[in-house]
Amino acid sequence: MRKLLAVWVGKILTVAGKIMGKKSSSGPGKFALKICPNLVNGLNKCVKKGIIVTCGTNGKTTTNNLLCTALEAKGYKVLCNRLGANLLTGIATAMIGEMNIFGRLSVDYACLEIDEAYTPIVFECVKPDVMIITNLFRDQLDRYGEIDITSDILSRAIAKVDNLKLILNGDDPLCVRFAKGKTAYFYGISERVLPQLDDTKEGRFCPECGGEQKYNFYHYSQLGDYYCPHCGFKRPKIDYEVKNVSLGSPMRFSLNSKSMEINYKGFYNIYNLTAVYAALDILGEGTQNFGRLLEEYKPQIGRMQEFVFAEKPVILSLSKNPAGFNQAITTVNTDKRKKDVIIAINDKANDGRDVSWLWDVDFDKIKDENLNLLITTGIRVWDISLRFKYEDINVDLVTDSMREAVEKCLASDSEVCYVLVNYTALYPTEGVLKNLLKREGNEE
């Protein structure tokens, strides 16, 4: 009866939240778990073919949702926390959404994005069959601490699950360490693609001996072809290998010698797509129509999401840590159109109160010859504005209003506008853009 009551309350709260214009991605699950604390524990019995979880600092929402889309395209019923609510409450909300009024759930697969720090708690309730780890970067230092703390948390979680298959980013030495004693598959990009510029390397030191690693080439942060001259630790043999990368529009590359093409931006998306390809193959689901899936997939909110106005496109990107911001800046700079850039920084609990990470971002690289207007906003607008002052980069507008920032760009003579935001600025910014589209009579 407690389970049934929890499901009914969760469903009512989900409907009520949507009527009020809320996402209802975790709230219903939070209340349901108060009524029935073990609601999630029975998930394994409700999934016929397998549970796949995705962790990692960057890219987990895109990877998880793309995998769900791929499995649904094959005709399977899939449970997925699509909106990125990746704690136990988010998983409970997703389950309630798929349950019938009698509290019964039956799906073929479950694709679950999980917060790295929460994996030991989730793995007490859910035993996944496959786990994808995309990368590990510094993120929300006041919550996670340094990367070695996050690594230890993930190691404890992985140890809880027998017969777990790992899909690891082989270009990240911090991910490769999890392969010990487990069945592991590696994916990576096996050629130099980006300019070898100075970049913040999160994992400079060997995870085995602590000595400083060397690189034959690197892509960004610590991702690349690394080796330790002290103990012999090195990039593993790659099972799912990307080569022949072209960063034009569309992006093209080969994956295990198969030609691929994607119509959305971001070099880092190649990693996300390769992880999904590996998961489909390991699950035995086949990858014959993977190229068609790429053509049909639309990026989720804030993943280089495009809003088309009459004047120009506005591209929204979630950039929440140094590695993510550096890649967003690289993506912006590969766009040779005249452009405006808006940067919004908040410091709410989900962002991390400590914004000292702004000083680890290569903001000097945003000073591109095609940059038209640079605008700062958000709760910590003066912190990000000061950061640009130290780089001797002029900020054209400092404002606490995202609407004012966007309207300024829409009225300028630029060809495109990029909006780079961290966590809690994402949904309000999406709301501003949708309202402005309605005012113009356009649709997203």
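Analyst: The questions below go through sheets, helices, cores and ring pairs.

This is a predicted model, in which local features need pLDDT of at least 70, side-chain atom pairs count only at pLDDT 80 or more, and totals for chains, interfaces and linings use all residues. Residues are numbered from 1 along each chain as its sequence is written, and side-chain values use heavy atoms, with hydrogens and water left out.

User: What makes the nine-strand sheet open, and which strands are at its edges?

Analyst: The order is β2-β3-β1-β4-β5-β6-β9-β10-β11, with mixed pairing. The edge strands are β2 and β11, and each pairs on one side only. Strands here are DSSP runs of E with at least two residues; helices are runs of H or I with at least four, and both are numbered from the N terminus. Neighbouring strands are turned by 20° against each other on average, direction ignored.

User: How do you know that β4 pairs with β1 and with β5?

Analyst: Two strands pair if DSSP finds at least two bridges between them. β1 (residues 47-55) and β4 are joined by four bridges and run parallel. Four bridges also join β4 to β5 (residues 165-169), again in the parallel sense. Both pairings therefore meet the requirement of at least two bridges. I52 stands opposite V130 in β4. On the β5 side, V130 has K165 as its bridge partner, and M131 has L166.

User: Which way do the side chains of β4 point, and are they buried or exposed?

Analyst: In a regular strand the side chains alternate between the two faces of the sheet. In β4 (residues 130-133), V130 and I132 point one way, M131 and I133 the other way. All four are buried, that is, under 20% relative accessible area; over 50% is exposed and in between is partly exposed (1.4 Å probe, protein chains only).

User: Why is α5 called largely enclosed?

Analyst: Eight of the eleven residues of α5 (residues 88-98) are buried, so the rest of the structure largely encloses this helix. The buried ones are L88, G90, I91, A92, T93, A94, M95 and I96. Their cover includes α1 (2-19), α2 (27-35), α3 (43-46), β2 (78-80), β3 (107-113) and α6 (119-125).

User: What makes the F137 and Y220 pair tilted?

Analyst: Rings of Phe, Tyr and Trp (its six-membered ring) pair if their centres lie within 6.5 Å; planes under 30 degrees apart are stacked, over 60 edge-to-face, the rest tilted. F137 and Y220 have ring centres 6.2 Å apart and planes at 45°, so the pair is tilted. F137 lies in the loop between β4 and α7 (141-144) and Y220 in β7 (residues 214-220), so the pair ties together parts 83 residues apart in sequence.

User: How do you know that Y220 and F267 are edge-to-face?

Analyst: Their centres are 6.3 Å apart, with 80° between the planes. Both residues are buried. Ring pairs link F137, Y187, Y220, F267 and Y271 into a cluster.

User: What makes a nonpolar core, and which residues touch the most other members of the largest one?

Analyst: A nonpolar core is a set of buried Ala, Val, Leu, Ile, Met, Phe, Trp, Tyr and Cys residues joined through side-chain atoms within 4.5 Å. The largest has 67 residues, where L67, F253, I343, F363 and F388 touch the most other members. Helix α10 (residues 268-282) gives the largest share, eleven residues. Apart from this core lies another of 54 residues, among them V7, L88, L105 and A179.

User: Why do β12 and β16 count as edges of the six-strand sheet?

Analyst: The order of this open sheet is β12-β13-β17-β14-β15-β16. β12 (303-308) and β16 (397-398) each have a single partner strand, so one side of each is left without a neighbour in the sheet. β12 and β13 (residues 313-318) run antiparallel, joined by five bridges. E306 has I315 in β13 as its bridge partner.

How values were computed: Contact = heavy atoms within 4.5 Å. Axes fitted to C-alpha atoms, helices over the stretch in contact; angles between N-to-C directions.
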